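Colleague: I am new to this structure. Please show me how to read its features, one at a time.

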Amino acid sequence: MAEPWRDVVRDAAAVRDAAAVAVDAALLAGVLMRTGEQPLSSDVVNYAPFTLLPSAVPRALFEQAYAVQLDFNLLVDAISQNKEFLEQTLASTIKVDDFTARLFRIYMQVMEEGLAQTVFLGINRSDYMFDCGLDGTAALKQIEINTIAASFGGLTSRTADVHGLVLKVLGKTEEASRLLPNNPSKGLALGIVKAWELYGSQSAAVMFLGEEIQRNIFDQRCVENELWNRNIRVIRRRFRDVFEKGSLDGSRRLYIDGQEVAVVYYRDGYVPQTYDQQNWEARLLLERSRAVKCPDIATQLAGTKKVQQELSRPGTLEKLLPGRPEAVARMRATFAGLYSLDEGEEGDKIAATAIADPQRFVLKPQREGGGNNLYGEELRQVLEKIKDTPERTSYILMDKIKPQPALNYLLRAHSPLQVSECISELGIFGVYVRQGQEMVLNEAAGHLLRTKAVQHADGGVAAGVAVLDTPYLV
Ligand code: ADP
Ligand code: MG
């Protein structure tokens with residue numbers, strides 16, 4: 001891949017000056033996070049980690065990722081409405097994975113009762129890396145689609161300005177002018193606004209369902225403020241509050257503290273640790289309600305790693321989106337090799353292959369949020385241990401994607417300034433709204449580039465590994 005900053009990246013004095021400017025610019029722009037020491041208060045905050053320099057991204061792959069996003073929106077929505085597919089695909093997983101099983105149980109419960117919800121809002125982020133082929137050409141390969149609590153759309157709406165300033169300080173004014181504007185927080189908010197309008201109650205609020213510990217609150221505030229700017233009331237609650245104060249009326253309208261809720265935007269609820277018995281009850285109450293859940297439980301299940309693996313089987317996309325061969329081809333072109341570890345010959349074979357050559361693969365459990373996947377020697381050991389047990393079924397295998405590294409500086413509070421070999425992951429935010437059977441909005445709402453040092457196999461920004469970045473198209 002091109003290295004646009006070759007001339008400055010090793011210039012220690014220039015880098016030091018630019019880094020000082022960059023950090024202050026990030027603080028001024030609001031690229032902020034609460035600190036690990038005080039995650040419940042905004043008295044002391046710091047800048048969210050970010051790269052000093054924007055990273056080169058091949059223009060063709062960037063455009064490909066935007067183009068295919070509308071297809072992925074349709075696909076996720078189609079899966080969420082296909083009970084038979086979800087049942088069949090997750091049947092083996094829910095036998096061994098308790099978290100997926102509990103989500104699935106809520107799904108079956110609300111399906112049996114019949115949905116009160118008629119408006120559906122999807123906010124997702126499809127993530128990719130640029131796989132470097134033997135001939136040196138890069139290909140867009142999907143890592144995963146996040147269908148719940150896809151984050152950093154807010155903070156990344158402010159990083160292009162910071163990187164633009166850094167480039168100017170480094171004497172690259174022309175290059176600075178070429179950085180693309182990017183405002184996912186507005187795009188996400190417009191999706192929420194549309195869903196709120198279609199819900200049809202002026203006095204109803206949008207509820208952000210946040211975590212107990214909210215280090216990344218500023219990211220959410222960016223979206224919240226877009227809603228307040230449009231005179232929509234926003235409330236913030238936790239699962240615990242819903243358990244204590246939430247109720248449904250006779251037509252299953254959702255109320256919290258006497259306030260009707262039109263849209264529930266989950267920024268929590270995707271890890272098992274969130275849920276004790278009371279929080280499971282709260283989740284069920286929310287899912288039973290008429291409120292627009294972003295996402296509803298079916299859409300959360302559509303984002304599991306097991307579903308992703310089944311999508312790569314020949315014929316599956318065609319079945320889910322009949323009559324759309326072009327969309328199917330665009331999506332399939334981004335798939336890396338994905339393999340089922342279900343019991344049987346197919347799973348035995350790929351497990352043996354991965355044990356023999358672990359560097360080729362990533363072993364993934366049904367978890368979100370970074371830091372759960374297994375690589376290399378660890379992959380080999382775990383797979384060796386579970387290969388003849390049902391536990392194997394709770395994982396999938398994926399081909400490891402190998403991007404070409406580039407030099408950059410990862411700016412992190414209290415960390416020394418040092419050059420690192422880095423690789424990047426591009427995410428595209430998708431937003432759609434469906435009313436009954438009619439898709440009324442289907443958009444790509446902006447992008448997120450995250451970059452990490454090559455020695456870290458796994459992990460996102462919240463996990464403390466990757467940092468925010470801005471694409472520089474080449
Ligand atoms: P999570 O739901 O925890 O975010 P991901 O599938 O996104 O799970 O994986 C987490 C991280 O691991 C990614 O951000 C990426 O850095 C790395 N990763 C995941 N899959 C692959 C892959 N196939 N090849 C290389 N790196 C991967
Ligand atoms: Mg991820």
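Colleague: Which residues does the UniProt annotation "binding site" cover?

Modeller: Annotations come from a record: UniProt positions are given in the numbering used here, feature names are shortened, and annotations may be inferred rather than shown by experiment. In this case the entry is unreviewed, and its "binding site" covers Glu144, Asn146 and Glu368. They are spread over 225 residues of sequence, yet they cluster in space, with a largest C-alpha distance of 10.1 Å. Asn146 and Glu368 from this set also belong to the lining of the second largest cavity.

Modeller: Keep the source in mind. This is a predicted model: local features need pLDDT of at least 70, side-chain atom pairs count only at pLDDT 80 or more, and totals for chains, interfaces and linings use all residues. Residues are numbered from 1 along each chain as its sequence is written, chains are lettered from A and ligands numbered from 1 in the order in which they are written, and side-chain values use heavy atoms, with hydrogens and water left out.

Colleague: How should I read a cavity or a pocket?

Modeller: Rolling a probe the size of a water molecule over the atoms shows where empty space is left. The work is done on a 1 Å grid over the protein atoms alone: a cavity is a set of points where a 1.4 Å probe fits but cannot get out, a pocket is an open set with protein on both sides within 12 Å along at least five of seven lines, and lining residues have an atom within 4 Å of a point.

Colleague: Is asparagine 146 buried or exposed?

Modeller: Buried means under 20% relative accessible area, exposed over 50%, and partly exposed in between (1.4 Å probe, protein chains only). Asparagine 146 has 8% relative accessibility, so it counts as buried. It lies in strand 6 (residues 138-146). Helices (H or I, at least four residues) and strands (E, at least two) are DSSP runs, numbered from the N terminus.

Colleague: What does glutamate 368 touch?

Modeller: Contact means heavy atoms within 4.5 Å. Not counting residues up to four places away in sequence, glutamate 368 touches Glu144, Asn146, Tyr270, Val271, Gly303 and Lys305. Its side chain also makes a polar contact of 3.2 Å with the side chain of lysine 305. A polar contact is a pair of N or O atoms within 3.5 Å; within protein, one must be able to donate a hydrogen and the other to accept it, and residues adjacent in sequence count only if both atoms are side-chain atoms. Glutamate 368 sits in the loop between strand 14 (361-365) and strand 15 (374-375). It is buried, because its relative accessible area is 18%.

Colleague: Which helix gives the largest share of the lining of the second largest pocket?

Modeller: Helix 3 does, with 4 residues. Helix 3 (83-96) and helix 13 (316-320) each supply at least two lining residues. Thr89 and Lys319 are among the residues that line this pocket. Threonine 89 lies in helix 3. A polar atom of its side chain is 2.7 Å from the backbone oxygen of phenylalanine 85.

Colleague: What span should helix 7 have?

Modeller: The expected span of a helix is 1.5 Å times one less than its number of residues. Helix 7 (residues 184-199) has 16 residues, so it should span 22 Å; its end C-alpha atoms are 23 Å apart, which agrees. Glycine 200 follows helix 7, with a positive phi near 85 degrees.
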